[in-house]
Amino acid sequence: MNFDFSDDQKFLKNEARKFLEANCPTSRVRKVLDDDAKAYDAELWAAVAGQGWLGAAIPEQHGGLGLGHIELCAIAEELGRVVAPIPFASTVYFLAEALMLAGSDAQKAALLPKIAAGEVIGCVATSEGPGLLSAAAVHASVSGGKLSGVKLPVTDGDIATHALVLAKENGQPGLFLVEMSSGVTREPLQTLDPTRDAAKLTFSGASAERLGAAGEGLALLEQVTDRAAVLLAFEQCGGADRCLEMAKAYALERYAFGRLIGSYQAIKHKLADIYVKNELARSNAYYGAWALNTNAPELPIAASAARIAASEAFWFGAKENIQTHGGIGFTWEVDAHLYYRRSRQLSLVAGAPRVWKERLVSHLERRNAA
Amino acid sequence: MDFNDSPEEAAYRAEVRAWLEANAPKTRTAGAADELEGGGDSMAASKAWQARKASAGYAQITWPKEWGGQGGTPIQQVIFNAEEAKYPVPPNPFQIGLGMCVPTVMAFADAETKTRFVGPALRGEEIWCQLFSEPSGGSDVAAARTKAVRADDGSGDWIISGQKVWTTGAQFSNFGIVIVRTDPEAPKHKGMTMFWVDMSDPGIEVRPIHQMSGGSGFNEVFFTDVRVKDSQRLGAVNDGWKVSLVTLMNERLAVGGPSGAGWSQFLEAARGITGFDGAPVIKDQAVREKLADWYVQTKGLEHTRNRTMTALSRGQTPGPESSIGKVVAAVQMQELGNAAVEMLDQYGIINDPALAPLKGGFHASLMGAPGLRIAGGTDEILKNIIAERVLGLPGDIRVDKDVAFKDLPTGR
């Protein structure tokens with residue numbers, strides 16, 4: 001049994017933690033939070049590229065480190081811990097994964113090295129309005145290689161160089177790669193988590209290249225999203241662990257009624273509940289990492305479980321961390337709300353938990369049929 | 001990250017598989033574990049299987065060879081347990097004795113006593129029970145009121161009187177270890193002593209407890225002027241609390257899987273029951289979300305066990321994550337059992353195995369779960385343990401710590 005990070009992976013993870021503690025304190029995150037004109041931390045983005053993390057799972061032939069997805073999971077967890085204000089998920093978990101999964105040799109050769117170098121920023125444009133994603137909800141369309149339509153919200157849409165866009169071609173949903181230098185207008189959106197930029201994108205004749213076979217856009221998107229879900233789950237685990245640490249630290253310094261609040265069972269049990277959810281999330285995330293790294297047939301189920309558990313853990317930890325802090329936790333100055341905001345952003349960006357629960361049960365029904 | 005054995009583990013697993021294939025029963029000799037409550041055929045089968053394991057060194061793999069073990073590693077025991085579970089072996093009534101009582105005897109008794117007891121316990125010839133809980137203290141073991149006083153005849157013997165409760169297996173145990181009050185003038189933790197006792201003593205009376213679920217797996221044990229020799233003492237006089245910590249430390253590594261009705265049984269049942277608009281209940285979105293939650297919890301626990309095994313496999317002490325199992329599983333058992341019963345609507349009140357789904361298995365979960373949420377540490381105690389030992393939060397303020405035991409308020 002070898003169901004944990006290896007020593008080498010732990011070393012990498014520890015180095016990533018040290019690097020991010022030095023380069024991404026919450027004071028840096030707040031610069032993006034407090035400045036509407038600042039969509040992300042470009043300096044941190046360049047530094048992260050310099051560490052090689054953007055290409056951790058990209059093969060060496062395409063300019064990456066060629067490590068593997070377990071290593072990328074380790075990095076993702078550390079980015080989640082510090083609520084890094086960079087377009088890492090959009091670029092690495094979605095764009096790079098989609099290219100590695102369904103890109104042509106030419107697309108891979110052109111874009112993967114630039115992703116690894118931090119020269120390309122990705123975004124995923126699927127949603128067009130409130131409610132669940134489905135073929136019927138897609139109105140954007142591609143004709144003659146030109147895309148038209150409106151997408152919102154698109155995380156990192158303001159700063160992306162390339163977009164993955166769900167659009168119909170001949171009435172069938174497809175997933176398209178769009179280079180965004182022309183044919184698209186961008187309007188920033190006000191969102192729950194200003195440390196992660198989002199925009200409304202209006203495409204009018206932007207050049208679009210289909211990824212994968214015609215009419216299989218939703219299936220491909222699901223495959224890409226399964227892979228991203230595992231990586232997002234690690235970010236969520238990192239955030240959830242940080243929430244528990246913050247709550248614990250406060251419970252060990254704050255006195256009420258002549259006692260440390262951490263000595264009250266109401267607080268102890270609350271923190272124990274966070275711990276339990278975090279461990280369940282971590283164990284599910286590890287299984288997702290194994291499935292992702294080995295391309296196991298169980299990946300859709302493993303990714304769903306990882307995503308559901310991690311979304312639940314981060315939400316619970318984020319809200320109960322604020323509760324543990326009491327009044328001070330509701331202030332702008334205390335970092336608790338950064339995690340509360342990010343927990344919502346990460347839970348919604350690749351489909352809300354109820355979507356994943358439905359997806360999980362559908363898979364289980366099929367697997368347990370007969 | 002993988003689920004593979006190391007070469008050494010693979011070799012050990014192969015050896016265990018070969019031995020089990022040659023020695024383990026292929027058909028179940030007797031019924032379910034519940035049958036142990038009445039003894040009978042099932043007990044004979046259990047004893048025979050235990051003797052066979054002991055003869056090959058598989059009864060307690062991590063014990064030293066001189067005591068009948070293999071001097072093996074915890075991961076080897078885990079491998080054996082996993083392989084053994086693939087066979088219809090009889091229930092194991094020896095675990096409390098071998099996992100907790102006998103290690104305490106081995107740690108604190110003299111050589112003669114150890115030689116007398118270890119072998120017969122290992123071979124399943126003698127069964128041990130652990131007499132800790134009392135009516136006055138379940139979670140609070142140090143509230144024990146059962147007392148031992150020196151006999152006034154100068155023999156050095158002790159006379160034990162009082163009552164223990166929730167004693168698993170007392171009805172078929174030959175021996176037990178008992179924690180008793182020996183100095184009521186001292187604070188509670190400092191006035192207790194541990195002894196081993198012979199359960200056939202005429203002053204010991206075992207009465208089964210009739211559980212709310214209908215079964216009787218536990219007992220009350222009454223001590224009426226039970227005379228024990230000072231040589232039956234384990235550890236120093238008034239040092240019983242420290243001895244009990246050794247007993248509890250030896251609790252078996254909880255790496256076993258779940259039992260009873262789980263998410264897959266629920267899924268199957270939900271397919272066959274009519275819900276809204278004539279569609280099966282499984283199409284009900286509220287039911288699907290709950291099912292997803294149970295699946296995720298169940299897999300979370302399964303993979304948490306895999307993390308624990310990984311630590312063992314790497315020769316490390318398992319991390320604190322192994323502490324979350326029961327608190328999650330017991331609550332889920334209750335919620336899942338109840339949701340299954342509610343999905344039957346009016347029919348849900350019927351728990352007759354002939355009429356209810358899963359032969360009444362969901363109803364059994366519903367009625368058994370309250371016990372599981374209490375046994376072996378209540379939900380509340382387990383959360384305290386996580387908060388204090390894992391997270392390092394302060395212990396509760398103790399009003400009883402420095403007060404003479406006799407002066408503590410007792411209520412009823």
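This is a predicted model: local features need pLDDT of at least 70, side-chain atom pairs count only at pLDDT 80 or more; totals for chains, interfaces and linings use all residues.
1. Chain contact. Chain A puts 38 residues into the contact with chain B, and chain B puts in 37 residues. On the chain A side, the elements giving two or more residues are α7 (217-251), β9 (259-260), α8 (265-294), α9 (299-325) and α11 (353-367). Of these, α8(A) has the largest share, with 16 residues.

2. Make-up of that side. Where chain A touches chain B, there are 20 nonpolar residues. Nine polar and nine charged residues make up the rest of this side.

3. α9(A) against α8(B). Here a helix of chain A meets α8 of chain B, residues 285-313. The two axes come within 10 Å and cross at roughly 95°. Angles of 65 to 115 degrees count as roughly perpendicular, so α9(A) is roughly perpendicular to α8(B).

4. Residues at this crossing. α9(A) contributes A305(A), I308(A) and A309(A). They meet A292(B), Y295(B), V296(B), K299(B) and G300(B) of α8(B). By class, the contact of α9(A) with α8(B) has six nonpolar residues, one polar and one charged.

5. Domains of chain A. The chain is divided into domain 1 (7-117), domain 2 (122-214) and domain 3 (218-369). The C-alpha centres of domain 1 and domain 3 of chain A are 20 Å apart. Their contact takes 21 residues from domain 1 and 23 residues from domain 3.

6. The domain 1 side. In chain A, α2 (26-34), α4 (69-81) and α5 (88-102) each supply at least two residues of the side of domain 1 that touches domain 3. The largest share, ten residues, comes from α4(A). By class, this side of domain 1 of chain A has 13 nonpolar, four polar and four charged residues.

7. α5(A) against α7(A). These helices pack at an angle of about 140°, and their axes lie 9 Å apart. Roughly antiparallel would need an angle over 145 degrees, so α5(A) counts as oblique to α7(A). The crossing of α5(A) past α7(A) is right-handed.

8. Residues between α5(A) and α7(A). From α5(A) come A89(A), Y93(A), F94(A), E97(A), A98(A), L101(A) and A102(A). Facing them in α7(A) are L220(A), Q223(A), V224(A), R227(A), A228(A), L231(A), L232(A) and E235(A). The class count for the contact of α5(A) with α7(A) is eleven nonpolar, one polar and three charged residues.

Notes:
Residues are numbered from 1 along each chain as its sequence is written. Chains are lettered from A and ligands numbered from 1 in the order in which they are written. Two residues are in contact if their C-beta atoms, placed from the backbone, lie within 7 Å. Helices (H or I, at least four residues) and strands (E, at least two) are DSSP runs, numbered from the N terminus. Ala, Val, Leu, Ile, Met, Phe, Trp, Tyr, Cys and Pro count as nonpolar, Asp, Glu, Lys and Arg as charged, and the others, Gly among them, as polar. Domain bounds come from an automatic or database domain assignment. Axes are lines fitted to C-alpha atoms, for helices over the stretch in contact, and angles run from 0 to 180 degrees between N-to-C directions. Angles under 35 degrees count as roughly parallel, over 145 as roughly antiparallel, 65 to 115 as roughly perpendicular and the rest as oblique. A crossing is left-handed if the near helix is turned anticlockwise from the far one by less than a right angle, and right-handed if clockwise.
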